[in-house]
Amino acid sequence: MKVSSVSQMRSLDKRAIEEFGIIEELLMENAGHAAYFALRQEFGIRRKRFLVFCGSGNNGGDGCVLARKVHADGGRVKVLVLGDPSNFKGAAKLNYEIITRLPVEVQRLASVEELRDEISHFDLIVDAIFGTGLSRDVGGVYRSAIEIINHSGKPVLSVDIPSGVHGDTGKVMGVAVKADYTVTFGLPKVGNMLFPGYGLGGKLYVSHISFPPSLYTDDSLKAAISLPLELPPRDKDGHKGDFGEALFIAGAPSYFGAPYFAALSFLKAGGGYSRLAAPASITPFIANKGSEIVFIPQEETASGSISLANKRALLELADKMDLVVLGPGLSLEPETQQLVRELAMEINKPLLIDGDGITALCEDLGIIKERRSKTILTPHLGEMSRITGMPVGEIIPKKIPILQRTAMDLNATLVLKGAHSLIGYPDQRVFINMSGNSGMATAGSGDVLTGTIAAMFGLSLPLEEKTSSK
């Protein structure tokens, strides 16, 4: 499923109206109905009491539609309007006027003090305050209302996105609603998918609100959710050479685990033949844990890392491989870092660069740009900071556009690790990986990811699917 920015969704709304004649009133009716339907499915309507918080924009108009439908279905509903009702425009104004003509209590909320006792009498709260258009921190009565909602102990359904979450970044704009359910319209927004917004949304429903498929599958929408792929069946008569051969150039005296996890995870994920070029002095210790790995002990620098003297032999071996992995636990020893740069420049096979390998190449990113074979980089945020020259704090709210720009500039695939991991391609496509959990936030997980991506080369999947399926 595609994921949109706020401006892209506005463009889709405009196209739906202008190209297909799906008028604004119909889009709002469909949006409100979708939220009502999710409410009915998750919670039920009849003989229950609902408190609907509505802002004075289109999100509030969606809330008015929902309130009308709850009333029609036998629920008891009260609508609280935050802001001046005269600010309602277009379809939102129409739906506000309709709800005021029904036997539904509609009240402008000027102070939240009156709510503190009253809110306990309702069964569920609907948040239709801001939607995705919020661009500044929440203050005043809006902040107080959100805080009361969060402290009410009641189930909460948010319309489009939890109020207070930035639609393009997932950032909390001072304070945000903590919802149990969210119903978003057209497509998920980036803010629905990225933390902390994702963690505040609860169970997410998506309604296309009658958009034609040509809109929500348009090629101009470059971001999408990465769905697990079904792997092809293994050849029952296959041998280890049929399932990929990878060379891992990794390890240093202080890093036994990184080369071990990377090279072994390649085999555990389905790869056929794993070779590990690690410093000779640490090879016996790794071999004691991972005897399935084929070892190529390397000459060492004075500090025990892989020496530049190994370059020629490594290039000859790399030429026989399906893929080369460069970097896990290599150390920051200057001679070894120089070896990384020279190998990356001369290896003519697909190359996956991780960890200390990324740090080495940040000294000369032109090496990556000039490579003819496919290149994959797997940075965490700190490494992404070194690649881009930007502080981590500037990257976090702009992860997707920065990833798009960097992948295109380097002509490489980038797997930006984190929650959620993002996979960016040179053509500006970005996939959001929704799998994983905080239990993976432990030393060695990135090395296992590296080996697993490498293993996909033995499973007859195109490069794009090897990375985005992880």
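Let's start at Ile209, which sits in the loop between β8 and α9 (213-216). Helices here are DSSP runs of H or I with at least four residues, strands are runs of E with at least two, and both are numbered from the N terminus. Before going on, keep in mind that this is a predicted model, where local features need pLDDT of at least 70, side-chain atom pairs count only at pLDDT 80 or more, and totals for chains, interfaces and linings use all residues. Residues are numbered from 1 along each chain as its sequence is written, and side-chain values use heavy atoms, with hydrogens and water left out.

Back to Ile209: its phi is near 45 degrees, a positive value in a residue other than glycine. Is Ile209 buried or exposed? Ile209 is buried, with a relative accessible area of 8%. (Buried means under 20% relative accessible area, exposed means over 50%, and partly exposed is in between, using a 1.4 Å probe and protein chains only.) Asp160 is another residue to look at, with a positive phi of about 80 degrees although it is not a glycine. You'll find Asp160 in the loop between β6 (156-159) and β7 (181-185), and at 11% relative accessibility it counts as buried.

Now follow the chain to β7. Five of its five residues are buried, so the strand is mostly covered. Tyr181, Val183 and Phe185 point one way from β7, while Thr182 and Thr184 point the other way. What does β7 pair with? On one hand there is β6, which pairs with β7 in the parallel sense over three bridges; two strands count as paired if DSSP finds at least two bridges between them. On the other there is β8, joined to β7 by five bridges, and these two run parallel. Thr182 is a handy landmark: Ser158 stands opposite Thr182, and in β8 the bridge partner of Thr182 is Leu204.Stay on β8 for a moment, and look at Ser207, which is part of this strand (residues 203-207). Ser207 is buried, with a relative accessible area of 19%. Which residues is Ser207 in contact with, leaving aside its neighbours within four places in sequence? They are Ala34, Thr184, Phe185 and Gly186, where contact means heavy atoms within 4.5 Å.

Leu204 turns up again on the surface, where Met1, Leu204 and Val206 form a nonpolar patch with about 210 Å² of accessible area together. Areas like this come from the Shrake-Rupley method with a 1.4 Å probe, and for residues only the protein chains shown count as cover. A patch is built from residues with over 30% relative accessible area and no salt bridge, joining like charges within 9 Å and nonpolar side chains (Val, Leu, Ile, Met, Phe, Trp, Tyr) within 5 Å. A salt bridge, in turn, is a side-chain nitrogen of Lys or Arg within 4 Å of a carboxyl oxygen of Asp or Glu. Met1 is in the segment before β1 (2-3), and Met1 is partly exposed at 42% relative accessible area.

What about disulfides, meaning pairs of cysteine sulfur atoms within 2.5 Å? The count comes to zero. Cys54 is in no disulfide, and the nearest cysteine sulfur, that of Cys64, is 4.3 Å away. Cys54 is buried too, at 0% relative accessibility.

Finally, check two peptide bonds. The one from Phe195 to Pro196 is cis, with omega near 0 degrees, and Pro196 is in the loop between α7 (190-193) and α8 (197-200). A cis bond also joins Ala419 and His420, with omega about -10 degrees.

Terms used
Disulfide = S-S within 2.5 Å.
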